[in-house]
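I opened this entry to record what I looked up in the structure.

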Amino acid sequence: MEPLGALRYDPAPMSSKSPTPPRGRERDPLLGREAVGERYRLREKLGQGSLGFLYSADDGRSGERVAVKALRARWCGPGEEAAIAARCDAWNEAARAAGSGLLPWLDRRREGEVLLLVSRLIEGEDLGSRLQRAKEGRR
């Protein structure tokens, strides 16, 4: 992958014509699977959001625990794949420039009809819980 300069970043627009099932009704493409390819062994589902479904997994190559995000169908079409690739490349360049402040994407791959993004897994509180505590005035 050739890194993109932050100032030159101009990804292709994402298509608005992708099929979008009602929120919460889209089938999780990793549900019931034990592995993704030969490299990632799935451990548990951590959650889901507007971008996709998040799992913890073991990386068979490095031995590390990683986060695997299976993107929702609307982000997996040919036009969207190029745009996601450009955004991931730009994010990784920003992560390198920022030092340890941002997590880079370790892997990006297609498994059948599904696009997967892989990063290090950081254990800790999820954003929803953190925001709720802040709303309640707790630290």
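**Strands, cores and one arginine**

I began with a strand pair: β3 (52–59) and β4 (residues 65–71) run antiparallel and are joined by seven bridges. The model is a predicted one. For one pairing I looked up Ala 57, and its bridge partner in β4 is Val 66.

Val 68 has Val 118 as its bridge partner in β6.

Is β4 enclosed or open? I found six of its seven residues buried, so β4 is largely enclosed by the rest of the structure.

I then turned to β6 (residues 114–120), which is mostly covered, with six of its seven residues buried. Strand β5 (residues 105–111) is antiparallel to β6 and joined to it by six bridges. I noted that Arg 109 stands opposite Leu 116 in β6. The hairpin of β5 and β6 has two residues between the strands, and Gly 112 takes a positive phi near 65 degrees there.

Which residues have the most contacts inside the largest nonpolar core? I listed Leu 30, Tyr 40, Val 68 and Leu 116, in a core of 13 residues. The elements giving two or more residues to this core are β2 (40–48), β3, β4 and β6. Apart from it I found another core, of six residues, among them Leu 71, Cys 88, Leu 115 and Leu 117.

I went back to Val 68 for its contacts, leaving aside neighbours within four places in sequence. The list includes Leu 30, Tyr 40, Phe 53 and Leu 54. It also includes Tyr 55 and Ala 57, as well as Leu 116, Leu 117 and Val 118.

Is Arg 74 buried or exposed? Arg 74 is buried, yet has no salt bridge. The nearest side chain of opposite charge is Glu 26, 4.4 Å away, and a salt bridge is counted within 4 Å. I did find the backbone oxygen of Ser 50 at 2.8 Å from a polar atom of the Arg 74 side chain.

Notes
Residues numbered from 1 in each chain as written. Predicted model: local features only at pLDDT ≥ 70, side-chain atom pairs only at ≥ 80, totals over all residues. Heavy atoms only, no water. Buried < 20%, exposed > 50% of the residue type's maximum accessible area, 1.4 Å probe, protein only. Helix = DSSP H or I, 4+ residues; strand = E, 2+ residues; numbered from the N terminus. Pairing = 2+ DSSP bridges. Lys, Arg positive; Asp, Glu negative; His and termini not counted. Polar contact = N/O pair within 3.5 Å; in protein donor to acceptor, adjacent residues only side chain to side chain. Core = buried A, V, L, I, M, F, W, Y, C linked by side-chain atoms within 4.5 Å. Contact = heavy atoms within 4.5 Å.
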